[in-house]
Number of protein chains: 2
Amino acid sequence: MPLRTTPLRRRSARVVDLDVLNQRLGYFARRLQVWIFQDFISRLSAIDISPAQFSVLVVIGANEGLSQAELAGTLGIERARLVRLLHRLEQRALIQRLPSLADGRRHALRLTRDGQRVLARAKALSGQHEAGLMKRLGAERYRLLLEALREL
Amino acid sequence: MPLRTTPLRRRSARVVDLDVLNQRLGYFARRLQVWIFQDFISRLSAIDISPAQFSVLVVIGANEGLSQAELAGTLGIERARLVRLLHRLEQRALIQRLPSLADGRRHALRLTRDGQRVLARAKALSGQHEAGLMKRLGAERYRLLLEALREL
């Protein structure tokens, strides 16, 4: 249960006043994201797949032939960062960049057979991560948060 | 209205399948956090204060004499990263690190007069950022999200 070892608030000897941070959605959104990512990273450490790598593999796997620009636009990843991410996944032989049929300058992305295997494992592990989150947050609060955030 | 220029989902020529990402709270928490931070950074660019620097200044301002360990524990910032953050704020003469009265090895943190001025300006700008968020998300959804995340 990795979440047990990384509580959202650590204990502190002193009661610390958060002042206006108590009225800043960004502060709490960041805390939630860091907390979730720590658990995700720990659960997927055996296959060394980061949250960003996971989202890239999932979207390539579900949309074969997608271009880098489409992938960047979908995930909201900065172009330069995506290039580094894809390069690393290509070095690990998890993805391939092929010239697109439609346009020789575009690169169509696809998973290799190893990429498919790693993605299947990553999906299973991330499903366990998600089940842990739901348990930890409570099914009702989990559902409320997921629906509210998905709507945005 | 910086938010108008950075929509949460960019348009894409192709409808892209998010597959299991639709069932991952961490994916949407990250999108929300990045979206909020982009607006925050843009609104506070005139005074060059990042979200992390802002949270550090707010908490020091509201809890004079706080130690680095207490600050790290409160904000959930990794120790090495906090040291870099504090060093930068000290270089800009916004904070001071003083030997604690209670324990000579501890550093008690406090704002300088410049730090107080910058913090007051940062609070005002971040209040505008927050009002923009509330308008953009709708008051009801904003309240729901803030309360749900604050509870965690």
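With which residue does Arg143(A) form a salt bridge? The partner is Glu140(A), and the closest N and O atoms of the pair are 2.7 Å apart.

## Basis of the report

This is a predicted model, in which local features need pLDDT of at least 70 and side-chain atom pairs count only at pLDDT 80 or more, while totals for chains, interfaces and linings use all residues. Residues are numbered from 1 along each chain as its sequence is written, chains are lettered from A and ligands numbered from 1 in the order in which they are written, and side-chain values use heavy atoms, with hydrogens and water left out.

## Salt bridges

A salt bridge is a side-chain nitrogen of Lys or Arg within 4 Å of a carboxyl oxygen of Asp or Glu. Over all chains, the search finds 16 salt bridges. Arg143(A) and Glu140(A) both belong to helix α7 of chain A, where they stand three residues apart, about one turn of the helix. Helices here are DSSP runs (H or I, at least four residues), numbered from the N terminus.

Four salt bridges are found across the interface of chain A and chain B. Arg141(A) and Glu151(B) also meet through their side chains in a salt bridge, at 3.4 Å from N to O.

## The interface of chain A and chain B

Contact (heavy atoms within 4.5 Å) joins 56 residues of chain A to 56 residues of chain B. The two chains bury about 5,500 Å² between them, 63% of it on carbon and sulfur atoms; buried area is the accessible area (1.4 Å probe) lost on putting two parts together, summed over both. In chain A, Arg14(A), Leu25(A) and Leu152(A) lose the most area to chain B, together 14% of what that side buries.

Across this interface there are 18 residue pairs in polar contact, both at pLDDT 80 or more. A polar contact is a pair of N or O atoms within 3.5 Å; within protein, one must be able to donate a hydrogen and the other to accept it, and residues adjacent in sequence count only if both atoms are side-chain atoms. Helices α2 (25-43), α3 (51-62), α4 (68-75), α6 (113-137) and α7 (139-151) of chain A each supply at least two residues of the side that touches chain B. The most, 11 residues, come from α2(A). By class, this side of chain A has 28 nonpolar, 13 polar and 15 charged residues. Ala, Val, Leu, Ile, Met, Phe, Trp, Tyr, Cys and Pro count as nonpolar, Asp, Glu, Lys and Arg as charged, and the others, Gly among them, as polar.
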